[in-house]
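This report describes a protein chain and two of its ligands.

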Amino acid sequence: MQLLLFVAVWLQILSTVAGYPNGAPVDRCGNMTPGHNVLPQTSSSPYTIMISNNTFRPNEPIRVMIEGPVYLGVLLQARSSSGTDAIGTWGIPPPNTKYLACSGNGQSAITHSSIINKNNKTIYTWIPPESLQTAFIRATVVANRTTFWINLTSERLTRAPGGGGNTAADAKMAAASVVFLTLLSSMVVQ
Ligand SMILES: *[C@@H]1O[C@H](CO)[C@@H](O)[C@H](O)[C@H]1NC(C)=O
Ligand SMILES: *[C@@H]1O[C@H](CO)[C@@H](O)[C@H](O)[C@H]1NC(C)=O
Ligand SMILES: *[C@@H]1O[C@H](CO)[C@@H](O)[C@H](O)[C@H]1NC(C)=O
Ligand SMILES: *[C@@H]1O[C@H](CO)[C@@H](O)[C@H](O)[C@H]1NC(C)=O
């Protein structure tokens, strides 16, 4: 009987936060919360999501660090101001983390691959896509089995003005001026 109780309690513990010792599953992509058995902390978080730059250019990596005490679990995505889509891609996951395929893109999120400690020297890199103006990094950080914070966000990232590839509007403008110049030159020839 005591053994059964022990097993039951142990299973309960395993099914809580550390129940994902190999990382968050894909069905957590949207709300970014771990299991259902433990509630997120509502206290202010000891973790801060740091970014290497507040401006970005498409395809130029931004470093992302989680400052604070050591942590076991993580789920990281970049999002635009609205919606739950995970945007862009992440560079090679640092040790004890791995990709999670959110939003139909195999490299659009990062989660832990083991519950070996990660710390504020663990560096993640986010690679901004084309055609994006603004984004932020959103994280869930799991300190231990029973303690985690959701909805952690970095400061806002804004696309650097000029350079780094054409926006759709730039492309239309360029196409329009080609048409205009072609018309002009055909008029001159006549
Ligand atoms: C920040 O990003 C901009 C381009 O978006 C770049 O010109 C600048 O050098 C970057 N600064 C640092 C400190 O990386
Ligand atoms: C970084 O982690 C170390 C070791 O856990 C800790 O002593 C230090 O306070 C942390 N730094 C910050 C800024 O959280
Ligand atoms: C879990 O982490 C929190 C926050 O760092 C800490 O206050 C708490 O003591 C930890 N609990 C255990 C069981 O390690
Ligand atoms: C997290 O954000 C969602 C909305 O995105 C909100 O419904 C929820 O209350 C927030 N939870 C915490 C603990 O901040």
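Of the 190 residues of the protein chain, 37% count as buried. The model is a predicted one.

The protein chain contains two helices and eleven strands. Their order along the sequence is α-β-β-β-β-β-β-β-β-β-β-β-α. Among the contacts in the protein chain with a separation of 6 or more, 63% are accounted for by residues 24 or more positions apart.

## The four-stranded sheet

Four strands make up an open sheet in the order β1-β3-β8-β5, and their pairing is antiparallel. The edges are taken by β1 and β5 (89-90); each has a single partner strand, so one side of each is left without a neighbour in the sheet. In general, strands of a sheet pair through backbone hydrogen bonds, in either a parallel or an antiparallel manner.

The pairing of β1 with strand β3 (residues 62-67) is antiparallel and comprises four bridges. Within this part of the sheet, Met50 stands opposite Met65 in β3.

## The disulfide

How many disulfides does the count give? The count comes to one disulfide. The link of Cys29 and Cys102 is left-handed, with -80° about the S-S bond.

Cys29 lies in the loop between α1 (2-14) and β1 (48-51), while Cys102 belongs to strand β6 (residues 97-102), so the pair ties together parts that are 73 residues apart in sequence. Are the two cysteines buried or exposed? Cys29 has a relative accessible area of 10% and is therefore buried, since buried means under 20% relative accessible area. Cys102 is also buried, with a relative accessible area of 1%.

## Thr153 in strand β10

Thr153 is located in strand β10 (residues 147-153). At 44% relative accessibility, Thr153 counts as partly exposed, because that class lies between the limits of 20% for buried and 50% for exposed.

With its neighbours within four places in sequence left aside, Thr153 is in contact with Ile49, Phe136, Ile137 and Arg138. For Thr153 and Arg138, the C-alpha to C-alpha distance is 4.5 Å, although the two are 15 residues apart in sequence.

## Surroundings of ligand 2

Which residues surround ligand 2? They are Glu67, Gly68 and Asn120. An oxygen atom of ligand 2 is 2.4 Å from an N or O atom in the side chain of Asn120. For Gly68, the polar atom concerned belongs to the backbone, and an oxygen atom of ligand 2 is 3.2 Å from it. Taken alone, ligand 2 exposes 360 Å², of which the protein buries 38%.

## Surroundings of ligand 3

Ligand 3 has Ala143, Asn144 and Thr147 around it. The side chain of Asn144 places an N or O atom 2.3 Å from an oxygen atom of ligand 3. On its own, ligand 3 exposes 360 Å², and the protein buries 36% of that.

Terms used:
Residues numbered from 1 in each chain as written. Chains lettered and ligands numbered in written order. Predicted model: local features only at pLDDT ≥ 70, side-chain atom pairs only at ≥ 80, totals over all residues. Heavy atoms only, no water. Near = heavy atom within 4 Å. Polar contact = N/O pair within 3.5 Å; in protein donor to acceptor, adjacent residues only side chain to side chain. Areas by Shrake-Rupley, 256 points an atom, 1.4 Å probe, with all protein chains shown as cover. Disulfide = S-S within 2.5 Å. Buried < 20%, exposed > 50% of the residue type's maximum accessible area, 1.4 Å probe, protein only. Contact = heavy atoms within 4.5 Å. Pairing = 2+ DSSP bridges.
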